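Here's a quick tour of one protein model, with a look at its surface and then at its rings. Have the picture open as you read.

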Amino acid sequence: MSHRTGLVLDFGGVLTTPLLPAVLAFEQREGLAQGACIKALYMDAEGVRLTHELERGAISQKEWNEAAAPKLGVSPDNLMGRIFADLRPEKTMIDAAAAAARAGIKVGILSNSVGLTPWNLYDGYELETLYHGVVISECHGMRKPEPELFEVMLKLLGLSADECVFVDDTEEYVRAAETLGFAGVQALQPADTIAQLERLLGVPLIAAR
């Protein structure tokens, strides 16, 4: 098999620790029932619409905070930041991405935005310095899984989809990438993700096994 020469990574849940435990911790801190966020924001049509508008940059994070807060019965003050306060860097994946880049793989970040202010999910990760291309959905008025957003990423890398691997923790987005020609990997456990990437890219991503 011919190995891929490009690697496109989602950000939240791939280069960070998983999203769901952070959301559950927020619910506990706020005295909410377990699953309240999922029900109000991701299983409710209006909640989904708000999130999609945020991802496309049609509304600001502050506007999202103010619209989402009443659905949860909590304060809107820095709501997005409070929801994801427990997210941390996923060091094994960050190190693997760096190893890929050192081996000559072009590495890009393709992320659906949660807004950039007042809370910035990407602070401290040096995305513009460490990666060959960075695409944040709100900056382009689109969101995954729209094919045009993947095309923006490919143009930045100077590669075609069939030269790249795409990694995301959301299965829907992995499948969308596969229809465009990417090799898809759903990020569930970092060790499994890295093992799949080593096979697809043909380079070692962990110094010692």
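Let's start with Leu20: at 46% relative accessibility, Leu20 counts as partly exposed, because buried means under 20% relative accessible area, exposed over 50%, and partly exposed in between (1.4 Å probe, protein chains only). This is a predicted model, so local features need pLDDT of at least 70 and side-chain atom pairs count only at pLDDT 80 or more, while totals for chains, interfaces and linings use all residues. Residues are numbered from 1 along each chain as its sequence is written, and side-chain values use heavy atoms, with hydrogens and water left out.

**On the surface**
- Leu20 sits in helix H1 (helices are DSSP runs of H or I with at least four residues, strands are E runs of at least two, and both are numbered from the N terminus).
- Leu20 teams up with Leu24, Ile38, Tyr42 and Met43 in a nonpolar surface patch, with about 480 Å² of accessible area together.
- Two or more residues of that patch come from each of helix H1 (19–30) and helix H2 (36–42).

**Aromatic rings**
- Searching the whole structure turns up six aromatic pairs (ring centres of Phe, Tyr or Trp, its six-membered ring, within 6.5 Å; planes under 30 degrees apart are stacked, over 60 edge-to-face, the rest tilted).
- Phe11 and Tyr125 have ring centres 4.7 Å apart and planes at 85 degrees, so they're edge-to-face.
- That pair links distant parts of the chain, 114 residues apart.
- Phe11 is buried at 0% relative accessibility, and Tyr125 is buried at 12%.
- Ring pairs also tie Phe11, Tyr122 and Tyr125 into a cluster.

Notes
Patch = residues over 30% accessible without salt bridge, like charges linked within 9 Å, V, L, I, M, F, W, Y side chains within 5 Å. Areas by Shrake-Rupley, 256 points an atom, 1.4 Å probe, with all protein chains shown as cover. Salt bridge = Lys/Arg side-chain N within 4 Å of Asp/Glu carboxyl O.
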